[in-house]
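Trainee: I would like to go through this model term by term. For each label, please set the value against the definition.

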Amino acid sequence: MAKVIVYPPTSMILSDLVERNGHKALVVPEVVRRLVTANEIESPPLNITPEEPKKGLRYAAVDVPSGVRGRMSLIGPIIEEAEAAIIVEDPGWLTGCAGCSRTNELVRLLIRTKGVPVLDLSYPTNDAEAKVFVQKIKAFLEGLK
Amino acid sequence: MLVTKYVITSSESNVLPSDIAMKIYGSKYDVNVKETCFGVIVNGEEEVINALIKEIRALDPAGIFIKDRGFPPGDPRRCRGRRGGGARPGFYMIEAESKMLPLISRALAWEGDIPAIPEKKKPLAIKRLEEIAKEGLS
Amino acid sequence: MIRIAQLSCGSEYSGIQKEIERAAETVGAKIIYPEVSLDDILNVENTFGVSVSSGDLNLAMARAVRIVQNPDLADAVIVMTCFRCAEAAIIRSEIRKYVHENSKIPVLSYSFTERTTAETLLTRMEALVTTVKYRGLLAREKQKGLTAGIDSGSTTTKSVVMRDNQVVGTGWVPTTEVLKSAEDALQAALKMAGVQKEDVSAIGVTGYGRFLVGKHINAKLVQEEITVNSKGAVFLADAQKGPATVIDIGGMDNKAISVQDGIPGGFTMGGICAGASGRFLELTARRLGIDITELGKLALKGDYRNVAMNSYCIVFGTQSLVNSLSMGCKPEDVAMAACHSVAEQVYEQQLQEVEVKEPVIMVGGTSLIEGLPKAMEELLQVKVSVPKYAQYIGAVGAALLVSGLLED
């Protein structure tokens with residue numbers, strides 16, 4: 001079983017396909033869960049405090065906007081954990097944790113320069129493309145075993 | 001550790017969110033369930049949720065999808081009723097991917113050959129464009 | 001409950017969402033998020049005019065469109081994005097313009113860092129709420145009866161006494177101990193007006209020390225300086241009808257306010273750098289060995305182009321001035337260079353965030369340093385007026401507004 005990071009890091013489809021093929025999907029909601037279920041913090045909605053943008057300095061300098069660094073404090077650690085990655089081309093409707101394009105660019109860069117196997121795809125727009133999409137993911141994940 | 005997961009059904013699945021909820025209510029699992037328009041949210045101990053999800057998937061292996069969620073169901077920090085209306089930003093991504101689920105479902109269920117995808121259209125060669133322009137202008 | 005629609009990108013991930021909500025709560029408002037659909041976000045290029053690669057900015061624009069189409073959804077709008085994000089800076093400014101031009105909803109724009117706190121946002125939020133809550137009061141054009149105003153500023157405390165639409169007494173003291181300074185300024189104004197404190201029907205208070213002073217002297221009106229100053233400015237400049245732009249360069253922060261019929265429609269408030277404040281001019285005067293009241297006249301004789309000023313920072317900026325003096329630059333050129341530097345910073349950092357419409361009125365103590373309005377005129381290429389009593393602007397606005405409360 002490999003730890004596979006998916007991009008967009010909140011994707012239901014990608015994380016589902018990774019898990020149903022017997023691997024561990026590394027996703028942002030798991031990180032958010034740790035934050036929002038921590039009792040000692042009180043900074044709704046996400047319990048992100050000004051400390052998170054500071055933790056994000058590990059991935060981006062202080063002149064990078066605080067929103068990028070705050071997001072990186074969530075996504076950066078799971079990039080470090082990743083043993084493989086599936087990257088889907090930006091579909092134009094990413095919001096929330098994936099709502100900042102500068103963060104997303106940095107995330108893709110860090111994944112690609114990490115040196116783990118990466119599968120590049122686009123979201124399917126018809127049945128033929130969907131069959132290839134699912135097949136490629138399956139083959140990629142089988143290759144990781 | 002308590003975890004929360006979305007169970008989302010493809011719009012073409014014969015299994016309805018209410019069927020899933022009924023299945024969980026009638027099961028041995030001690031979990032919280034919340035029905036939503038696109039599926040159900042389940043919350044419980046990680047091992048319990050994982051075992052439950054296996055059973056739910058079996059209802060329609062190609063038509064039911066699972067997604068992790070950070071917040072417990074109905075968390076006031078994320079509830080739009082308590083937070084001045086408007087969907088939370090991440091909702092739009094679930095909505096966009098949900099619309100794609102029938103394609104993925106059919107692909108998962110497909111057992112035939114994988115079709116060849118025609119290559120993406122490339123821009124017209126400049127020489128050919130020149131010819132067309134000349135033809136059009138003459 | 002005042003509903004402030006938040007159109008933003010990055011606030012949750014900067015860890016400051018709670019601060020925004022806390023500031024809103026303090027001023028009796030609630031943050032709301034207009035409902036939009038996925039299609040609204042995907043169609044934002046058609047409805048708003050552009051879509052960008054960051055989805056949360058597209059969401060903010062879609063929400064702005066929804067508010068303009070349904071103005072009943074919100075009483076006020078704040079547009080907030082991360083400081084130092086170019087993509088967001090463009091969209092933040094465009095959303096502000098879009099809401100300002102297509103609705104009557106007051107709008108505030110702000111760029112935050114992880115260091116932004118509720119306290120930073122409080123005055124801005126209070127002004128936003130005031131423009132919604134007290135529209136009737138802000139529409140008041142005449143002062144009636146005998147009232148007083150106190151402006152408890154960071155550097156100086158000002159007071160005026162007004163009678164039947166005229167300023168009849170003024171007082172100005174440096175702020176030392178907040179309550180004592182307020183009392184001294186008020187006494188000076190009362191003495192000049194030839195009246196006793198008991199004769200005054202009501203007192204209005206504004207400025208940094210407003211809560212403390214207001215409580216101490218039992219003020220009838222305790223109000224932030226954005227609404228009060230814009231009211232005072234259009235009153236003194238006789239520009240109560242139609243558009244106006246008010247620029248107030250203070251000792252600790254600067255305000256640029258876009259006013260329509262005496263009511264602020266949009267404003268910015270800066271206060272990160274002392275190099276863009278009255279403090280810098282004070283330091284310059286000291287370096288030149290002259291009194292601050294002489295700096296302006298000296299500056300009028302100078303040309304800023306003769307001095308190399310290549311820093312906006314108060315420390316390095318002062319260093320530049322010292323260097324230029326030692327290299328033989330004339331004091332008048334140095335004085336004008338300092339005025340130009342402050343004006344340029346306000347122009348670049350704040351006037352880009354509001355609609356600059358004539359008349360442009362400069363107020364506050366710094367407006368009396370003649371070189372400063374002149375430098376601003378050169379930058380804006382429009383006439384900048386400094387009304388009589390400009391240094392008492394907050395006190396005049398407070399005395400005027402509080403008289404409106406007496407009739408109710």
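**Labels and their grounds**

Trainee: What makes strand S1 (residues 2–9) of chain B and S4(B) a pair, and in which sense do they run?

Mentor: Two strands pair if DSSP finds at least two bridges between them. S1 and S4 of chain B have six bridges, in the antiparallel sense, so they meet that definition. Strands are DSSP runs of E with at least two residues, helices are runs of H or I with at least four, and both are numbered from the N terminus.

The model is predicted: local features need pLDDT of at least 70 and side-chain atom pairs count only at pLDDT 80 or more, while totals for chains, interfaces and linings use all residues. Residues are numbered from 1 along each chain as its sequence is written, and chains are lettered from A and ligands numbered from 1 in the order in which they are written.

Trainee: Why is strand S4 (residues 64–69) of chain B called largely enclosed?

Mentor: A residue is buried if 20 or more other C-beta atoms, placed from the backbone, lie within 10 Å of its own, exposed if 12 or fewer, and partly exposed in between. Six of the six residues of S4(B) are buried, so the strand is largely enclosed by the rest of the structure.

Trainee: Which residues of S4(B) cover each side?

Mentor: In a regular strand the side chains alternate between the two faces of the sheet. B:Ile64, B:Ile66 and B:Asp68 are buried on one side, and B:Phe65, B:Lys67 and B:Arg69 on the other.

Trainee: Why is B:Asn50 called partly exposed?

Mentor: B:Asn50 has 14 other C-beta atoms within 10 Å, so it is partly exposed. B:Asn50 lies in helix H2 (residues 46–59) of chain B.

Trainee: How many residues of chain C are in contact with chain B?

Mentor: Ten residues of chain C are in contact with seven residues of chain B, where contact puts the C-beta atoms, placed from the backbone, within 7 Å. The largest share of the chain C side, three residues, comes from S2(C).

Trainee: What makes chain A as compact as a globular protein of its length?

Mentor: The radius of gyration is taken over C-alpha atoms, and the globule rule is 2.2 Å times the number of residues to the power 0.38. Chain A has six helices and four strands. Its radius of gyration is 16 Å, close to the 15 Å that the rule gives for 145 residues, so the chain is as compact as a globular protein of that length. Buried residues make up 53% of the 145 residues in chain A.

Note on methods:
Two residues are in contact if their C-beta atoms, placed from the backbone, lie within 7 Å.
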